[in-house]
Amino acid sequence: MSSFKYSAVKQTVLTEERTKVPLPNDNISIPYGLSKSVEHYLGSVGVLVLADTFKERGVPLSRVIVAVCTCILMGSNSMQRCADWLSDANVRKEFGIEKKVSQRTINRALEIVVDHAGGLMVRAWKGLSERYRFDDTDTNVDGSAVVFNGPMSELGRIGHPRDFKDQSRPQVEFMVAQLQRSKIPFFIRPYEGNTADVTQYRDSLPDIFDMIRTGSWIVMDNGGAAGDVLDSIVERGNKYLTRVRMNTSDDLRILENREEWEYVEDGTCCLSHTFTSSGRTTYIFFSVDNRRRSYNAAERRVRKMIDAARSYDDGKFKASDFVTVKKNVAADVNIEVSVQTKFDYDDPDMFEWMVLETMGVRSGHFKLESSEQLTPSEALGKYRARSSVEHLIHSLKRVTGLKPLRVWKRSSIHGSMMLALFSEMAMAMARYELEPRTETKMKSGKMTIEETRPSTESMVWSLSQLTVCRIVNRGCVKEAVYSNWNRISSEVMNNIRSNMPQKGVFAGG
């Protein structure tokens, strides 16, 4: 979606009868739903008030934050495009900005946000706690990476590729934290592109501990399963649930305890073990669906192997089908490939053996570990709830503009991530306050009733449709028209209206 979609909507004036081409005019239209939601929800947790204390001269920082977050949610993470959008005096007026806003002003705002990133996140957390008084502060934590456009980034490094296949492209890593029940994000931090997951957890978790309540669950993937990381969670009075790698002792347990598997749900069973001295519990799950997916993937790999072997027999093959050669600029590498096939291509029994051999003995199994004993059903449900942080990461990249990054200075990268976090936070708060809808679904062989709310992408689309059009005649605003109301935007505006009046920065408020 272009960042200019709402910058210059022209009033339809027919040039002659039955002509549908409008004449230019000074009318403007902006996404009121997005702007008002960002201003209201960030203001309600104290982020905007605190931001204004960091910048005493020029354009108030709070108004720049609202404008840039709105531009980001409109589909552009380019600071130059945002500056171009705000070059229109009528657009600036909608945000209560009197002076011109250049790209330099926006970049300076990013630097100020970064200089006070810790304080802004703490203020946002306190505001969330005061506003919602959460029953618990169980937290999902996860990390990912994004590539960037432009010159070499100050944080760009070649590391393990997260969402692209080309391992030669530099990237920037980041870590995020999100409340598990409300799905509201409250923490983000960037890292160099080759930073190991465990290093990021070691650096981020202490600051997360300072915000959440003691006794909270920290739910992670196996990137945070290092012994010292898990010990630090327990030492701070919290609990953890994480995925861990299986080892040979787990293989032995599976073989020796065939009668101790516990039914969890249709197609899923569990073999759990609790250490009496510490209460630490491990859960080895077997999923029929996981094994079926593994079988299908292994079957595809085997067919490719057979095709490669056939190509060798035909005298037409690629060495890369059989060996992997690393590039070495200091030497010329020559590889000669000799292949001896060991089965009949059309033997179904041999084909099945190859598929099972490719799958491995642990196919369909996965292992979780918790600091305190849970039932297998509780552990599985809590870990599955971690998927919301994966949806958040996807939204950060797709909806709030972190992929690709269009800045490369360390401060600009961190500032862009902070503004993306604030944008996601505002949308998550608006979503959390919506009345959930109930849906009846078939789950694990049972009919269940679940509460659902719109995705972030749906929230952004619905709120972006709610626009305010200012009819401008001879330099004066004559009329304001609010258009394109829908169910979500109507409910969000009703929720905002029902809250106590607050001093707004948005002119339409």
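Modeller: Let's start with aspartate 210, which is exposed, with a relative accessible area of 57%. Here exposed means over 50% relative accessible area, buried means under 20%, and partly exposed lies in between (1.4 Å probe, protein chains only). Keep in mind that this is a predicted model, in which local features need pLDDT of at least 70, side-chain atom pairs count only at pLDDT 80 or more, and totals for chains, interfaces and linings use all residues. Residues are numbered from 1 along each chain as its sequence is written, and side-chain values use heavy atoms, leaving out hydrogens and water.

Now for the partner: aspartate 210 makes a salt bridge with arginine 236, and their closest N and O atoms are 2.9 Å apart. Aspartate 210 sits in helix α8, while arginine 236 is in the loop between α9 (227-235) and β6 (239-244), so the pair ties together parts 26 residues apart in sequence. A salt bridge is a side-chain nitrogen of Lys or Arg within 4 Å of a carboxyl oxygen of Asp or Glu. Helices (H or I, at least four residues) and strands (E, at least two) are DSSP runs, numbered from the N terminus. Arginine 236 counts as partly exposed because its relative accessibility is 37%.

Next, look at another salt bridge: the side chains of arginine 189 and aspartate 207 meet at 2.6 Å, N to O. This pair links distant parts of the chain, with arginine 189 in strand β4 (residues 185-192) and aspartate 207 in helix α8 (residues 197-211), 18 residues apart. Arginine 189 counts as buried because its relative accessible area is 19%, whereas aspartate 207, at 30%, is partly exposed.

These are among the 21 salt bridges counted by this rule. Another joins glutamate 457 to arginine 398, with the closest N and O atoms 3.4 Å apart. Here too, distant parts are linked: glutamate 457 is in helix α16 (residues 456-465) and arginine 398 in helix α14 (residues 387-398), 59 residues apart. Glutamate 457 is partly exposed at 39% relative accessibility, and arginine 398 is exposed at 55%. Salt bridges can also be chained up: Asp142, Arg386 and Glu390 are linked in a network of them.

To place all this in the whole model, the chain has 17 helices and 14 strands, and 48% of its 509 residues count as buried.
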